Amino acid sequence: MADITITPRTRSRTRLERPRLHKVILLNDDFTPRDFVVKVLQGEFRMDEPQAHKVMQTAHQRGVCVVAVFARDIAETKATNATEAGRARGYPLLFTTEPEE
């Protein structure tokens, strides 16, 4: 009976970190019509009209506005698509991304 050795089992848990989120930011310019900005916000970010109008107004008054927060690849895709929509119509509309703190 003395030959039995008890050893505790050790478990190592691997914890996955959540992906770092990125902000999509709308930059104000003096040339893109406000109605067009609202339409882009509605189409690309699926906002309703009052919410899109509020985001557009905030960017107009403060110069920049955080539109939404997503995982990095989604944020970059949405920012690129929204910027390209403006470029296709000849407007200098610009959306950028940056990491969230």
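This is a predicted model: local features need pLDDT of at least 70, side-chain atom pairs count only at pLDDT 80 or more; totals for chains, interfaces and linings use all residues.
**View 1. A positive surface patch formed by four arginines.** Arg9, Arg11, Arg13 and Arg15 make up this patch; patches consist of residues with over 30% relative accessible area and no salt bridge, like charges being joined within 9 Å and nonpolar side chains (Val, Leu, Ile, Met, Phe, Trp, Tyr) within 5 Å. A salt bridge is a side-chain nitrogen of Lys or Arg within 4 Å of a carboxyl oxygen of Asp or Glu. Arg13 lies in the segment before strand E1 (21-27) and is exposed, with a relative accessible area of 76% (buried means under 20%, exposed over 50%, partly exposed in between, with a 1.4 Å probe and protein chains only).

**View 2. A nonpolar patch on the surface.** Leu21, Val66 and Val69 together contribute about 210 Å² of accessible area. Val69 belongs to strand E2 (residues 64-71) and is partly exposed, at 35% relative accessible area. Helices (H or I, at least four residues) and strands (E, at least two) are DSSP runs, numbered from the N terminus.

View 3. Asp29 is buried yet has no salt bridge. The nearest side chain of opposite charge, Arg87, is 7.1 Å away. A polar atom of the Asp29 side chain lies 2.9 Å from the backbone nitrogen of Phe31, and the Asp29 side chain also reaches the backbone nitrogen of Thr32 at 2.7 Å.

Residues are numbered from 1 along each chain as its sequence is written, and side-chain values use heavy atoms, leaving out hydrogens and water. Local features need pLDDT of at least 70, side-chain atom pairs count only at pLDDT 80 or more, and totals for chains, interfaces and linings use all residues.

Definitions and conventions:
Accessible areas come from the Shrake-Rupley method with a 1.4 Å probe; for residues, only the protein chains shown count as cover. Lys and Arg count as positive and Asp and Glu as negative; His and the chain ends are not counted. The place of a charge is taken as NZ of Lys, CZ of Arg, CG of Asp or CD of Glu. A polar contact is a pair of N or O atoms within 3.5 Å; within protein, one must be able to donate a hydrogen and the other to accept it, and residues adjacent in sequence count only if both atoms are side-chain atoms.
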